[in-house]
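Here are my notes for you, as numbered points. Have a look at the model first, then read on.

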Amino acid sequence: MKHLNNTDSEKILVRVEDLWVKFNDHVVLKEINLKLKSKEILSIVGPNGGGKTTLIRAILGLIKPYRGKIEFDQCINYRKKGCIGYLPQRTQYDQNFPVNVEDVVSMSRYAQKGWWEKLNSEDKNIIFQALEVVDMIDYRSEHFSNLSGGQKQRVLIARALAVKPEMLILDEPSTGLDMVAQDNFYHLLVKLRDQIGLGIIMVSHDIGSVSLFIDRIACLKVKIHYHGKPENCIPSHALEEVFGKNVNFLYHDKECETCKKNHDHFIKS
Amino acid sequence: MITLLNLNFFRNAVLISFILSILFGIFSFFIVSRKMAFLGVGISHTAFGGVALGILFNLNPFFTALVFCLFSAIIIGKVSKYGKISLNTSIGIYFSFAMALGAVLIKLKQNYNFDLTGYLFGNILGIRSFDIWTALGLLMIFLFLILFFFNRILFLTFDEEVATISGVSVGLLDTIMLFLLAAIIVVSMKMVGIILVSALVVLPASFGSLLSSNYRGIIWWGIVFNLFIIVGGLFLSYFLKTPPGATMVTSGTLIYFISMTVKSVMRR
């Protein structure tokens with residue numbers, strides 16, 4: 001892997017330059033330029049089949065790019081200690097696996113140790129802290145399959161935190177959560193950004209509610225059509241290119257009036 | 001009973017039963033959790049092709065079956081990956097091929113003097129001390145792996161991708177587990193038989209998960225269940241004068257179904 005030379009105070013965790021991904025001569029991603037700084041939440045939005053999951057899988061090293069480069073900051077010792085925390089899509093793991101909450105978080109701690117080592121008190125502390133941050137410490141002996149969707153997501157975030165990452169990558173974390181659970185989940189991400197200083201990449205197809213919590217947004221459909229701050233109103237041509245013409249968006253921006261942050265749900269068309 | 005244990009062949013069979021109970025008890029959990037039960041069926045039936053190769057070329061069928069099963073395990077994986085078909089489809093294609101090949105090879109060898117039914121359905125008279133030592137060796141390797149790598153294997157069983165990203169050598173551990181599974185199946189071939197051995201891959205964890213909802217419980221109950229049906233089935237088969245493998249699988253499946261029924265009645 002390539003490392004970045006970060007000199008200024010603003011730490012870039014990962015930089016993607018001119019990334020192309022092909023599956024059997026079919027271009028899935030092209031000309032992708034993207035970066036993630038520490039203490040920042042970047043959301044990648046776009047339609048199904050737009051290449052969101054492919055992009056994060058390329059960043060995680062699970063698929064080989066056709067062209068382009070992905071560079072990480074020195075602090076990310078990729079696939080080793082202190083690596084990237086990852087939350088997969090909910091269909092990727094067995095929802096009824098016979099383990100309890102603490103077992104789930106311990107797994108990623110074990111992966112950080114040598115094969116001959118057992119978990120020591122420091123590891124136990126890391127596991128407890130991770131469960132405390134996500135507010136699941138009271139459920140540590142609970143069976144994983146008994147938890148609600150939102151609670152499972154929190155436990156898996158704790159598992160990701162137990163590798164002591166600098167960066168989190170989340171694939172569609174809000175899918176299947178109700179409005180309240182979604183809102184709680186986004187607040188948790190803000191807390192992780194502000195208190196631990198994590199850089200977070202979150203893939204989402206929910207462009208509306210996500211814009212309140214995030215720092216930057218990237219609209220992806222094969223290419224990146226917009227990459228910038230969500231407050232600066234995503235240009236309507238970018239939304240059209242990504243999602244198509246006949247879609248209305250419930251969308252928060254500066255002109256919103258009645259929301260908590262003086263926001264309303266502004267309909268773009 | 002004591003006179004029975006004085007019989008050399010029976011003592012060997014009891015010893016190997018104990019070893020297999022532990023091996024299958026633990027293995028079963030990982031195979032069933034990954035929904036790879038059919039892999040056990042595939043690898044065991046493939047052993048028939050290996051045994052036939054051994055008969056044809058006058059080699060030790062144990063070794064030809066082992067090598068053939070290891071290759072098959074790899075080929076099944078590759079066909080599924082590069083042919084872009086599911087693992088089950090790949091196994092379905094391959095295992096019938098291996099059995100057909102076996103039948104053709106055996107026909108090529110004129111007037112063979114070989115207990116084929118013994119290999120298909122199990123025959124404890126065929127067990128030699130060589131089998132015991134191989135089984136013991138496998139048990140040692142497996143216990144070493146479980147002792148030091150259990151949590152990594154648990155992680156990759158639960159969530160392969162996140163395990164990879166967190167630093168678990170998924171590919172290597174998977175290959176080792178696959179090789180061990182093939183070896184255990186070949187070792188149990190003589191006692192339980194090629195056709196029936198896959199039941200021992202599936203039944204223990206299925207029974208265990210009736211009694212426990214935690215992986216530790218499932219594995220322990222799986223071992224207890226195995227001791228009961230493999231060791232118990234061996235004695236039963238002696239007194240009933242029935243084939244051992246068939247006795248084990250029949251009684252094990254009956255116990256599983258009865259437990260399942262009792263559990264669902266109690267839940268109401």
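Is B:Y238 buried, partly exposed or exposed?

1. B:Y238 is partly exposed, with a relative accessible area of 33%. For the wording: buried means under 20% relative accessible area, exposed over 50%, and partly exposed in between (1.4 Å probe, protein chains only).

2. Before going on, some ground rules: this is a predicted model, where local features need pLDDT of at least 70, side-chain atom pairs count only at pLDDT 80 or more, and totals for chains, interfaces and linings use all residues. Residues are numbered from 1 along each chain as its sequence is written, chains are lettered from A and ligands numbered from 1 in the order in which they are written, and side-chain values use heavy atoms, with hydrogens and water left out.

3. Searching the whole structure turns up 26 aromatic pairs over all chains. One of them is B:F10 with B:Y238, an edge-to-face pair at 5.4 Å centre to centre and 70° between the planes. (Rings of Phe, Tyr and Trp, the last by its six-membered ring, pair if their centres lie within 6.5 Å; planes under 30 degrees apart are stacked, over 60 edge-to-face, the rest tilted.) This pair links distant parts of the chain, 228 residues apart: B:F10 is in helix α2 (residues 8-33) of chain B and B:Y238 in helix α11 (residues 215-240) of chain B. Helices (H or I, at least four residues) and strands (E, at least two) are DSSP runs, numbered from the N terminus. B:F10 counts as buried, at 0% relative accessibility.

4. Now B:F27 and B:F142: their ring centres are 5.0 Å apart and their planes at 15°, so this pair is stacked. B:F27 lies in helix α2 of chain B and B:F142 in helix α7 (residues 129-158) of chain B, so the pair ties together parts 115 residues apart in sequence. B:F27 is buried at 2% relative accessible area, and B:F142 counts as buried at 0%.

5. B:Y238 also has B:K241 over its ring face, 5.9 Å from the ring centre. In chain A, A:K22 lies over the face of A:Y66, at 4.2 Å from the ring centre. The test here is NZ of Lys or CZ of Arg within 6 Å of the ring centre and within 35 degrees of the ring normal.

6. Over in chain A, strand β2 (residues 12-23) runs antiparallel to strand β3 (residues 26-37), joined by eight bridges; strands pair if DSSP finds at least two bridges between them. A:F23 stands opposite A:H26 in β3(A). Two residues sit between the strands of this hairpin, and A:N24 takes a positive phi near 50°.
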